[in-house]
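Thank you all for coming.

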Amino acid sequence: MKTISDATITCLNGWWDLKPEFSIIPLQERIPSDGWHENGILVPSVWTKSHHGVRKKGEKYYYADTDIANWSDEHEFLFDTYNYQLEWTKTRHGWLRRTLNIPEKRKGRRYFLRFLAVLPQCAVFLNGTEVARHREAMLPLEVDATDALKEGDNELVVLIMDYERDARGRCFFPSGNSFTECHSGIWQDVFLVERSNVYVSDMTIVTSVRRQLLHVSVTVANAGDAFQETMVTCAARHFRADVMPQAGDVAHELGSLRVGVPARGEATIEFETEWEDAEYWSQFNPKLYQLETRLAWQGELFEHYYERFGFREVW
């Protein structure tokens, strides 16, 4: 568990239960009660073996082989990091499950599930309730799961499904590369993030080398039942990989703006400042900054939010 200011981040990586599914699964399918391989799969990882780098025992060279149905124990795989059961590779569908314990569900807090990447596509269930669907294998998924979460043990289940395909096996979704064509699994980190009722829900950072400007757009969300004033303060800090975000020295102040956020709503504010002595990012000098955003009102700190960026412009 790692705490940054008022946000608490719990890593959910580790050994999860797995149930490969060898039928076509509708999203309305009920979570299975049996057939699970307990602690059968490591998160992050993929349960499928690569089509690239395949050969039969005794053969000299590896080659590409997409005839998965005829793979057997006589085959060897060059890229087989996890050595899962060969049979699992014959399906792109599967269920993953783990228990998530919450000792105390604190009042005035929101709880988010954050998956950095799942492939190909997935549905997420918490205590039997579907809380999210996701189709982008290379992009993160974050969902507010507060209402489905309870104190004590919670069952977190992820249903992973292949993309829809035509008769020739070509998927109807722009998958982008062969990795998403071959594999299935939660292949990046998973976290539970506890935050305040008032939090940064979105941010856009635009740097201009030609104009020597830094533009920041901050969207503040209010999950509470009452209108909330907040003071938003932004500053760019020097990024250092060896220290916590707030430990970096301040490089540039953007100032403070006051914003009112409606109940169960959002509000967006814009910062723009000249920055004549910014250190530019390049492949020879990959300089990074950390944008610190502080939300507070009348002495109460709602959130510190950090976003890493480089000062660069392409034109």
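How many bridges join strand E9 to strand E10? Five bridges join them, with E9 covering residues 121–126 and E10 covering residues 129–134, and the two strands run antiparallel. Strands here are DSSP runs of E of at least two residues, numbered from the N terminus, and two strands pair if DSSP finds at least two bridges between them. Within this pairing, Phe125 stands opposite Glu130 in E10, while the hairpin has two residues between its strands and Asn127 takes a positive phi near 55 degrees.

Residues are numbered from 1 along each chain as its sequence is written, and side-chain values use heavy atoms, leaving out hydrogens and water.

Turning to the sheet, four strands form an open arrangement in the order E17-E16-E19-E20, with antiparallel pairing. Its edge strands, each pairing on one side only, are E17 (250–261) and E20 (300–309). Strand E19, residues 289–297, pairs with E20 over nine bridges in the antiparallel sense, and Glu292 has Tyr306 in E20 as its bridge partner.

Finally, confidence: pLDDT, the predictor's confidence in each residue from 0 to 100, averages 91 over the protein, and 95% of the residues score at least 70. Over residues 1–5, however, pLDDT stays under 50. Where pLDDT is low, the predicted coordinates should not be read in detail.

Notes: Predicted model: local features only at pLDDT ≥ 70, side-chain atom pairs only at ≥ 80, totals over all residues. Contact = heavy atoms within 4.5 Å.
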